[in-house]
Amino acid sequence: MVARRVSPALTVEDAHSYINTVKETFHDQPTKYVEFIKLLNGVRDLRVDKDSVVARVEELMKGHQDLLLGFNVFLSPEAKKAARTKKKLDAAKDFMNNLKTRFQRLDTHVVGEFRGIMKMYKEGKMSVKKVREEVIDVLFYHEDLIEDFLRFFEKKPVASASLLLQL
């Protein structure tokens, strides 16, 4: 028999504890706390869809990773997947926007070279290791972009390349 890891069921006390943590965190920004409570009430009363709530909570809690992680515990598996997908899409958009902005005046061919690398990888003509090397070479002296790319690309390279090519 294979052992499964069973997560303990969440209780009302867990929810109250989380809400109190949010209240304490935003004690100096009461409007954020009030908006958070309104969002929760909107979900409860079926006035707001869960996807909208997830997006708005992510916006409210920017810079508070611990609160976001705590909020994710209460999401359904579908909502968690949607939140991860949105986060990945946002990261891809941010990276491509930064890349385009940085090189639109400096070196216009860089974006084209980058897209070419992603296309070759997606077509199976380049390994992950070779992609890393090529991107580092193309983005030489732009360590912040290199770090952003590697952080984004390393987790799911095929999906990442596909996503980057769409933007």
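## A first look around the model

Confidence in this predicted protein model is lowest in helix α3, at a mean of 82, and highest in helix α7 (residues 128-138), at 94. The score here is pLDDT, the predictor's confidence in each residue, on a scale from 0 to 100. Contact means heavy atoms within 4.5 Å. For the protein, the mean pLDDT is 84, and 95% of the residues reach 70 or more.

Residues are numbered from 1 along each chain as its sequence is written, and side-chain values use heavy atoms, with hydrogens and water left out. As this is a predicted model, local features need pLDDT of at least 70 and side-chain atom pairs count only at pLDDT 80 or more, while totals for chains, interfaces and linings use all residues. Helices are DSSP runs (H or I, at least four residues), as are strands (E, at least two), numbered from the N terminus.

Let's start with α2. This helix has 15 residues and reaches 21 Å from its first C-alpha to its last, close to the 21 Å expected at 1.5 Å a residue. That expected span is 1.5 Å times one less than the number of residues. Tyr33, Phe36, Leu39 and Gly42 are buried in α2, where buried means under 20% relative accessible area, exposed means over 50%, and partly exposed is in between (1.4 Å probe, protein chains only).

Now for the rings: the structure holds eight aromatic pairs. Rings of Phe, Tyr and Trp (its six-membered ring) pair if their centres lie within 6.5 Å; planes under 30 degrees apart count as stacked, over 60 as edge-to-face and the rest as tilted. Two of the pairs share Phe36:

| Pair | Centre to centre | Angle between planes | Type |
|---|---|---|---|
| Tyr18 and Phe36 | 6.1 Å | 70° | edge-to-face |
| Phe36 and Phe71 | 6.3 Å | 70° | edge-to-face |

Tyr18 sits in helix α1 (residues 12-25) and Phe36 in helix α2 (residues 30-44), so their pair ties together parts that are 18 residues apart in sequence. Phe71 belongs to helix α4 (residues 65-73), so its pair with Phe36 in α2 joins parts 35 residues apart in sequence.

Leaving aside its neighbours within four places in sequence, Gly42 is in contact with Arg47 and Val48. Gly42 and Val53 are 11 residues apart in sequence, with 8.6 Å between their C-alpha atoms. After α2 comes Leu46, whose phi is positive, near 60°.

### Two cores

Where is the largest nonpolar core? A nonpolar core is a set of buried Ala, Val, Leu, Ile, Met, Phe, Trp, Tyr and Cys residues joined through side-chain atoms within 4.5 Å. The largest one has 24 residues, and Leu99, Met118 and Leu139 have the most contacts inside it. At least two residues of this core come from each of α5 (77-106), α6 (109-122), α7, α8 (143-155) and α9 (157-166). The largest share, six residues, comes from α6.

Met118 is in contact with Val131, Val135, Phe149, Phe153, Ala161, Leu164 and Leu165, leaving aside its neighbours within four places in sequence. Apart from this core lies another, of 17 residues, among them Tyr18, Phe26, Met61 and Ala83.

Ring pairs also link Phe95, Phe114, Tyr121, Phe149 and Phe153 into a cluster. Elsewhere, the charged end of Lys88 sits over the ring of Phe152, 4.5 Å from its centre; that label needs NZ of Lys or CZ of Arg within 6 Å of the ring centre and within 35 degrees of the ring normal.

### Two last stops

Gly116 is in helix α6 and counts as partly exposed at 28% relative accessibility.

Tyr141 is in the loop between α7 and α8, and is exposed, with a relative accessible area of 63%. Its phi is near 75°, a positive value in a residue other than glycine. Most residues other than glycine have a negative phi.
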